Amino acid sequence: MRMLFTMMATALPAATAFAAGPIPADLREKALATFKALPSTTPAVANNPITPEKIALGKALFFDPRISASGVLSCSSCHNLATGGDDNLETSIGHGWQKGPRNAPTVLNAVFNIAQFWDGRAEDLKAQAKGPVQSGLEMANTPGQVIATLKSMPIYAEWFNAAFRGEADRVTFDNLAKAIEAFEATLVTPAPFDAFLNGDDGAITSEQKQGLALFMEKGCSSCHSGINVGGEGYYSFGLIEKPSTDVLPENDKGRFSVTNSADDSYVFRAAPLRNVALTAPYFHSGKVWDLKQAVAIMGTTQLGEELKAQEVDLLVAFLNSLTGEVAEVVLPILPAETATTPRSALQILGK
């Protein structure tokens with residue numbers, strides 16, 4: 001098995017020159033056997049019917065910093081929708097200016113991943129939403145404190161009541177996670193690549209088509225496939241040749257921390273590549289900022305070959321076709337605090 005690209009991209013310089021290459025006549029047919037276009041509607045998620053009321057509540061919670069102990073950090077702090085759905089830092093900054101251990105993945109199209117986080121420890125977006133809130137390195141809060149905060153604001157109670165009608169206790173930590181998941185499920189970004197898969201030959205350039213053909217030919221698509229062009233499986237990083245310790249820190253063994261299986265040492269979920277041009281730096285360590293460098297690293301570590309400069313350029317061209325359109329998100333007006341709203345805390349709250 002070969003994992004390619006935790007990848008990365010910067011826009012191609014306009015002056016980049018490509019040598020003409022053959023484009024397979026059945027390129028779309030081959031691509032459709034490996035990839036899938038994004039749906040035109042919000043995808044369904046397991047055990048969480050999505051409604052307009054739930055989406056609206058989830059959007060408010062996504063942008064509300066008061067679910068963090070400090071009152072400073074929100075979901076959008078690390079998953080900024082204006083910068084590709086991540087924070088464009090090597091690793092995120094959390095509670096008390098603590099530095100997290102891994103690069104923040106994009107939230108865009110994350111609903112299509114097999115699991116969340118680099119090691120897949122969260123089975124879905126509901127589980128993922130709960131993690132950072134309770135992490136001492138991130139929001140450093142507790143479920144009880146979060147719910148006390150939300151219940152102190154009557155408008156939030158109204159929004160929870162509208163989103164979870166029929167439930168006896170509506171303002172709960174589980175429902176907070178469900179609402180955030182519902183909002184995040186709407187963050188789907190159709191790209192030129194989808195238009196090509198749907199039959200529009202002119203949606204991507206000839207260089208991007210050559211890059212797509214090369215992406216499949218080299219074996220990149222053996223790990224980066226499906227609707228999210230990745231995010232569907234777990235693979236060893238350093239399959240053929242182990243990368244340098246700054247790119248692959250020895251103290252981060254990836255999925256091993258979840259399974260405690262030696263076979264999962266330095267195994268990570270294959271990065272989804274949609275919008276990868278917007279999400280530098282790359283890899284779980286966040287140590288690589290340049291696309292060409294990252295592609296070269298993956299060529300040697302995963303494919304066992306030194307990619308030619310033109311091959312790198314063509315792969316970059318294809319990756320840029322994965323940059324999609326982010327729907328306009330109007331910032332919510334959040335409920336005002338009341339006299340009973342818990343005050344922010346600089347210390348890490350107890351469990």
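In which helix is the place of Val146? Val146 belongs to helix α5, residues 143-151, where helices (H or I, at least four residues) and strands (E, at least two) are DSSP runs numbered from the N terminus. The model is predicted, so local features need pLDDT of at least 70 and side-chain atom pairs count only at pLDDT 80 or more, while totals for chains, interfaces and linings use all residues. Residues are numbered from 1 along each chain as its sequence is written, and side-chain values use heavy atoms, with hydrogens and water left out.

**Surroundings of Val146**

- Val146 is buried, at a relative accessible area of 1%; buried means under 20%, exposed over 50% and partly exposed in between (1.4 Å probe, protein chains only).
- Beyond its neighbours within four places in sequence, Val146 is in contact with Ile67, Val133, Asn141 and Leu176, contact meaning heavy atoms within 4.5 Å.
- Ile67 stands 79 residues from Val146 along the chain, yet their C-alpha atoms are separated by 5.5 Å.

**Helix pair α11 and α12**

- Helix α11 (residues 291-303) and helix α12 (residues 309-320) have axes that come within 10 Å and cross at roughly 110°. Axes are lines fitted to C-alpha atoms, for helices over the stretch in contact, and angles run from 0 to 180 degrees between N-to-C directions.
- The two helices α11 and α12 are therefore roughly perpendicular; this word covers 65 to 115 degrees, with under 35 roughly parallel, over 145 roughly antiparallel and the rest oblique.
- The crossing of α11 with α12 is right-handed. A crossing is right-handed if the near helix is turned clockwise from the far one by less than a right angle, and left-handed if anticlockwise.
- On the α11 side, Leu291, Lys292 and Val295 meet Val312, Asp313, Leu315, Val316 and Leu319 of α12.
- The residues of this contact comprise six nonpolar, no polar and two charged. Ala, Val, Leu, Ile, Met, Phe, Trp, Tyr, Cys and Pro count as nonpolar, Asp, Glu, Lys and Arg as charged, and the others, Gly among them, as polar.

**Helix pair α2 and α6**

- The axes of α2 and helix α6 (residues 154-163) come within 8 Å and cross at roughly 145°, and this crossing is left-handed.
- Glu53, Lys54, Leu57, Ala60 and Leu61 in α2 meet Tyr156, Trp159, Phe160, Ala162 and Ala163 in α6.
- Eight nonpolar, no polar and two charged residues make up the contact of α2 with α6.

**Aromatic rings**

- The whole structure holds 11 aromatic pairs. Rings of Phe, Tyr and Trp (its six-membered ring) pair if their centres lie within 6.5 Å; planes under 30 degrees apart count as stacked, over 60 as edge-to-face and the rest as tilted.
- Phe35 and Phe215 have ring centres 6.3 Å apart and planes at 40°, so this pair is tilted.
- Phe35 lies in the loop between α1 (27-32) and α2 (52-63), and Phe215 lies in helix α9 (residues 206-218), 180 residues apart.
- Phe35 is buried at 3%, and Phe215 is buried at 0% relative accessibility.
- One aromatic cluster is formed by Phe35, Phe193, Phe215 and Phe318.

**Backbone features**

- Most residues other than glycine have a negative phi, and most peptide bonds are trans.
- Asn88, in the loop between α3 (75-78) and α4 (125-134), has a positive phi near 55° and is partly exposed at 22% relative accessibility.
- Asn109 also lies in the loop between α3 and α4; its phi is positive, about 65°, and Asn109 is buried at 0%.
- The peptide bond from Ala280 to Pro281 is cis, with omega near 0°, and Pro281 is in the loop between β2 (267-269) and α11.
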